[in-house]
Amino acid sequence: MKDMMEYKGYYGSVHYSDEDRIFYGKIEFVRALVSYEGTDVKSLRKAFEEAVDDYLLTFKKQGKEPEKVFKGSFNVRIGSQLHRAIALNALEKGITLNKYIVDVIEKELGAEESWSKSRKGGQRQRVSEVTRKR
């Protein structure tokens, strides 16, 4: 992924300020604002990893679970006309609205095989690698 780092399942952005001559970023996909900076790639990476560790430690000290980066669900505002159109299309195909949306997204991402529900906990799991169309 371009301009991103990954550590312990968390993603961090990478930016550069020429004016300040520093690299900086923040942990992405969580509600909390957790930022970090460094003067070179090595120090930025170290600061990112420390930020993730601090984020996790803060929750642990509070006895709470940290926010999961990708829960498997998200809300999308699409407008009533589009909502109606896809709901009718799903009904016509004899599938749920959720299944319809998953199918459309998989098709757009170029999934070689579908994603399936695991038998444990009803969570979705990847059956094959998804490759982006470029």
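This report looks at a strand hairpin and at the aromatic pairs of the structure above.

## About the model

The model is predicted: local features need pLDDT of at least 70, side-chain atom pairs count only at pLDDT 80 or more, and totals for chains, interfaces and linings use all residues. Residues are numbered from 1 along each chain as its sequence is written, and side-chain values use heavy atoms, with hydrogens and water left out.

Let's start with strand β1, residues 4-7. Strands here are DSSP runs (E, at least two residues), and helices are runs too (H or I, at least four), numbered from the N terminus. Met-5 and Tyr-7 make up the covered face of β1, while Met-4 and Glu-6 are on its uncovered face.

The partner of β1 is β2 (residues 10-13), joined in the antiparallel sense over four bridges; strands pair if DSSP finds at least two bridges between them. Across this pairing, Met-4 stands opposite Ser-13 in β2. Two residues lie between the strands of the hairpin, where Lys-8 takes a positive phi near 55 degrees.

## Aromatic pairs

How many aromatic pairs does the structure hold? There are eight aromatic pairs, counted when ring centres of Phe, Tyr or Trp (its six-membered ring) lie within 6.5 Å; planes under 30 degrees apart are stacked, over 60 edge-to-face, and the rest tilted. Phe-29 and Phe-70 form a tilted pair, 5.0 Å centre to centre with 50 degrees between the planes. Phe-29 lies in the loop between β4 (22-28) and β5 (35-38) and Phe-70 in the loop between α1 (41-62) and α2 (80-93), so their pair ties together parts 41 residues apart in sequence.

Tyr-7 belongs to a cluster with Tyr-36 and Phe-48, linked by ring pairs.

Technical notes:
Buried means under 20% relative accessible area, exposed over 50%, partly exposed in between (1.4 Å probe, protein chains only).
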